[in-house]
Amino acid sequence: MIELYYSPGACSFVPHVGLEMVREATGQTFEAKLIKLHRGEHRTPEYLAINPEGQVPTLVIDGKVLTQIVSMCDFLDRSHPQVGLLPADHWARAQALSTLAWFNNTAHPTFTHVFMPNKFAETDACQAEVKRLGRDRYLELLTRINGMLAARSGSFWLGEKLSVLDAYALTLLRWGSIAGIDPESLPAYHAYVQGVAQAKPVAEAIERERLQLNMFRKA
Ligand SMILES: N[C@@H](CCC(=O)N[C@@H](CS)C(=O)NCC(=O)O)C(=O)O
């Protein structure tokens, strides 16, 4: 029995897509448990007892808790190697985990500076500065991803096969649109995300989370 604690549009989308990939390939189901971040449901004593960081995602597998996306992807992939959440070849896998960790520990926290500047500064003026610098840095990172995608062939990050990297890359561009970055200004990245969103496990997760991919509004 697998439970996924998730919040719509959050990074929990990554294991959500991973679990949809597993379900499609093996029939193994999971229970999606909604946590409303905007209502503070991640800070209740009940949720903190499961994930003391007060964050989504959390996986509960047969009653045992697993946190951190990189670890979840590794676990789901090793439990279902036939699904191909990550590459099997050792070097390709290490490269994929390197990118996944970079998404998780560099690109993702940069967006957090834009979305939750109150985590990093107290006064309005300081928060505005954190947000502005975070947005500039985030644009640099998304531009780098756009360059990587422009230089490669295939519909997905790893070529012709959907992987958990695609779910994270989609999430990061969607967040960019929330940060005021027009996704269409990153053409290779934008076109890639349109394709990723069509893949069945991704489309299922988008539907469950009721996501709009492009949240960009002209200022
Ligand atoms: N490194 C963590 C990142 C988790 C994370 O940042 N989750 C965000 C949503 S994308 C969250 O729950 N934020 C609420 C908060 O920190 O208050 C992981 O891989 O699980």
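In which loop is the place of Asp-62? Select this residue: Asp-62 sits in the loop between strand 3 and strand 4 (64-67). Please bear in mind throughout that this is a predicted model.

**Backbone features in the loops**

Keep Asp-62 selected and inspect its backbone. Its phi is near 45 degrees, a positive value in a residue other than glycine. Most residues other than glycine have a negative phi. Asp-62 has 7 other C-beta atoms within 10 Å, and it is therefore exposed, since a residue with 12 or fewer counts as such.

Next, select Gln-68, which belongs to the loop between strand 4 and helix 3. Gln-68 is not a glycine either, yet its phi is positive, at about 80 degrees. Is Gln-68 exposed or partly exposed? Gln-68 counts as partly exposed because it has 15 C-beta neighbours inside 10 Å.

Now select Val-56 and Pro-57 together. The peptide bond from Val-56 to Pro-57 is cis, with omega near 0 degrees. Most peptide bonds are trans. Pro-57 is located in the loop between helix 2 (45-50) and strand 3 (58-61).

**The surroundings of the ligand**

Select the ligand and display the residues around it. Val-56, Pro-57 and Gln-68, visited above, are among the residues that surround the ligand.

**Helix 3 and helix 4**

Select helix 3 (residues 69-79) and helix 4 (residues 90-115), whose axes are 9 Å apart and which pack at an angle of about 150 degrees. Helix 3 is therefore roughly antiparallel to helix 4, as angles over 145 degrees count as such. Show the side chains where the two helices meet: Ile-69, Val-70 and Cys-73 belong to helix 3, and Leu-97, Leu-100, Ala-101 and Asn-104 to helix 4. By class, this contact has 6 nonpolar residues, 1 polar residue and no charged residues.

Remain on helix 4 and select Phe-115, which lies in this helix. Phe-115 has 15 C-beta neighbours inside 10 Å, so it counts as partly exposed.

**Helix 5 and helix 6**

Select helix 5 (residues 124-150) and helix 6 (residues 164-178). Their axes come within 11 Å and cross at roughly 135 degrees, which means that helix 5 is oblique to helix 6. The crossing of these two helices is left-handed. Helix 5 contributes Tyr-138, Leu-142 and Ile-145 to the contact, while helix 6 contributes Ala-169, Leu-172, Leu-173 and Gly-176. The contact of helix 5 with helix 6 comprises 6 nonpolar residues, 1 polar residue and no charged residues.

Select Thr-26, whose place is in helix 1 (residues 13-26). Why does Thr-26 count as exposed? Thr-26 does so because it has 12 C-beta neighbours inside 10 Å. Leaving aside neighbours within four places in sequence, Thr-26 is in contact with His-80 and Val-83. Finally, select Asp-89 as well: the C-alpha atoms of Thr-26 and Asp-89 are separated by 21 Å, and the two residues are 63 residues apart along the chain.

Conventions: Residues numbered from 1 in each chain as written. Predicted model: local features only at pLDDT ≥ 70, side-chain atom pairs only at ≥ 80, totals over all residues. Near = placed C-beta within 6 Å. Helix = DSSP H or I, 4+ residues; strand = E, 2+ residues; numbered from the N terminus. Buried ≥ 20, exposed ≤ 12 C-beta atoms within 10 Å, placed from the backbone. Contact = placed C-beta atoms within 7 Å. Axes fitted to C-alpha atoms, helices over the stretch in contact; angles between N-to-C directions. Parallel < 35°, antiparallel > 145°, perpendicular 65-115°, else oblique. Left-handed = near helix turned anticlockwise from the far one by under 90°. Nonpolar A, V, L, I, M, F, W, Y, C, P; charged D, E, K, R; others polar.
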